[in-house]
Structure formats: C-alpha cells, structure tokens
Amino acid sequence: GDINEELILRFASSMWRYWKNRGYLSEGREHFKRILDRFSPGIYRETQAYARALNSSGALAYFSGDITYSEEQRIEAVEIFRKLDDKVGIADCLNGLGNTAISQGNYDSARIYYEESLDIRKTFVNWRRNWPPPVKNSACWSSGTVTPRINIAPRPASAAMKHRRPY
C-alpha cells in the first residue's frame, strides 16, 4: 500500500550515506534504480519521500562519478520540492546541483545554485546559530572564483556540546 511505498523510499534515502561511506556505491545505485522504477508517473512521484529518494540517488551518482545522472535526478527532485514548497529539500538539492556544476566546470551555474541554497537557508529560524556549518571540503566564493576551503570554522568541543541535540 501507500505506507509501504513511502517507507521504502524513506529507508533508501536514509541509506545513501551508508552505501557511500562503505564504498557500496554500485549496490546503492542498483537499489535506488529498482526502487525508483517502481513508481510510474503520477501522484506517487509528487511526494516528499520520492523527491528525497531522487536527491539521495543523485548524491550516490555524484560520488560514483556519474555527474549527468546526478544532475538529472536532482533537477527532478528540486522541481518536486518546489511544488511542495519544501524549503529544506530545495536547499539540499540546489547545493547538490552546485556540486555537479563545479564538477562540470560550470562555475557560473554553481554560484547561482549555491547562492539560492544559501538564501533559502538564511530564512530558517536558527540558521545563524549553526553557521558556518561544520563541513569539510566545501567551496566558498571569493571574487567570483571558487576556492576550496577545508575545515570551515572548527568549533571548540565546548561550543559544539552547547548546541548538541539531546538524543
């Protein structure tokens, strides 16, 4: 039923980092292909769960070096997220599209994607509390050029603990 389909999509979306970090890129991509192919065009493809699965599939494709497929998946995902007005999903997809644009040497497009993603994230209630993000190997813009930045604003352990989520 509908619940099982959504659970399958949500589960696959949560697994992409596991597959990436363990080096199971091909296995993960095969699972995504099989799962996404189950959904014919229509109402099931217009859900948050489906869009997240597309974005996660695009991430695995990106890390596999299949930049074109990654871009296709993420463009479809961002269209769905825009229809749903899912700001987090839009921002995540735009960031991924920025990464694919850089990989293709399309720095102007990358800048547009990154700036729109950042503009959306700035509308989040507590974006300043969590900014700059503790991301390694991200890109920053300086004078219109992309410059790799490693270890953006490392925080002391006490500062990191202050904003830790109580799980």
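## Core, helices and a few residues

User: Which residues have the most contacts inside the largest nonpolar core?
Analyst: Leu-9, Phe-32, Leu-36 and Tyr-50 have the most contacts there. The core has 26 residues. Keep in mind that this is a predicted model.

User: Which helices each supply at least two residues of this core?
Analyst: α1 (2-22), α2 (25-36), α3 (48-64), α4 (67-84) and α5 each do. α3 gives the most, with seven residues.

User: Back up a bit. How many helices and strands does the chain have?
Analyst: Seven helices and two strands. Along the sequence the pattern reads α-α-α-α-α-α-β-β-α.

User: And what share of the chain is buried?
Analyst: Buried residues make up 30% of the 167 residues.

User: What about contacts across the sequence?
Analyst: Take contacts between residues at least 6 apart in sequence. Of these, 52% join residues at least 24 apart.

User: Let's look at α3 again. Is Ser-57 buried or exposed?
Analyst: Ser-57 lies in helix α3. Its relative accessible area is 4%, under the 20% cut-off, so Ser-57 is buried.

User: Which residues is Ser-57 in contact with, leaving aside neighbours within four places in sequence?
Analyst: Phe-32, Leu-36, Tyr-69 and Gln-73. Phe-32 and Leu-36 are also among the core residues with the most contacts.

User: New topic. At what angle do α4 and α5 cross?
Analyst: Roughly 155°, and their axes come within 9 Å. Angles over 145 degrees count as roughly antiparallel, so α4 is roughly antiparallel to α5. The crossing is left-handed.

User: Which residues make the contact?
Analyst: From α4 come Ile-67, Ser-70, Glu-71, Arg-74, Ile-75, Ala-77, Val-78, Phe-81 and Arg-82. From α5 come Gly-89, Ile-90, Cys-93, Leu-94, Gly-96, Leu-97, Thr-100 and Ser-103. By class, that contact has nine nonpolar, five polar and three charged residues.

User: What lies in the loop between α4 and α5?
Analyst: Asp-85 lies in that loop. Phi of Asp-85 is near 55°, a positive value in a residue other than glycine.

User: Next pair. How do α5 and α6 pack?
Analyst: Helix α5 covers residues 87-103 and helix α6 covers residues 107-122. They pack at an angle of about 160°, with their axes 8 Å apart. That angle is over 145 degrees, so α5 is roughly antiparallel to α6. The crossing of α5 and α6 is left-handed.

User: Who meets whom there?
Analyst: The α5 side includes Lys-87, Ile-90, Asp-92, Leu-94 and Leu-97. The α6 side includes Tyr-107, Tyr-113, Tyr-114, Glu-116 and Arg-121. By class, the contact has eleven nonpolar, five polar and four charged residues.

User: How many residues apart in sequence are Leu-118 and Leu-94?
Analyst: They are 24 residues apart in sequence. In space they are 9.1 Å apart, C-alpha to C-alpha. Leu-118 lies in helix α6.

User: And what is the relative accessible area of Leu-118?
Analyst: It is 27%, between the 20% and 50% cut-offs, so Leu-118 is partly exposed.

Technical notes. Residues are numbered from 1 along each chain as its sequence is written. This is a predicted model: local features need pLDDT of at least 70, side-chain atom pairs count only at pLDDT 80 or more; totals for chains, interfaces and linings use all residues. Side-chain values use heavy atoms; hydrogens and water are left out. Axes are lines fitted to C-alpha atoms, for helices over the stretch in contact, and angles run from 0 to 180 degrees between N-to-C directions. Helices (H or I, at least four residues) and strands (E, at least two) are DSSP runs, numbered from the N terminus. Angles under 35 degrees count as roughly parallel, over 145 as roughly antiparallel, 65 to 115 as roughly perpendicular and the rest as oblique. A crossing is left-handed if the near helix is turned anticlockwise from the far one by less than a right angle, and right-handed if clockwise. Contact means heavy atoms within 4.5 Å. Ala, Val, Leu, Ile, Met, Phe, Trp, Tyr, Cys and Pro count as nonpolar, Asp, Glu, Lys and Arg as charged, and the others, Gly among them, as polar. A nonpolar core is a set of buried Ala, Val, Leu, Ile, Met, Phe, Trp, Tyr and Cys residues joined through side-chain atoms within 4.5 Å. Buried means under 20% relative accessible area, exposed over 50%, partly exposed in between (1.4 Å probe, protein chains only).
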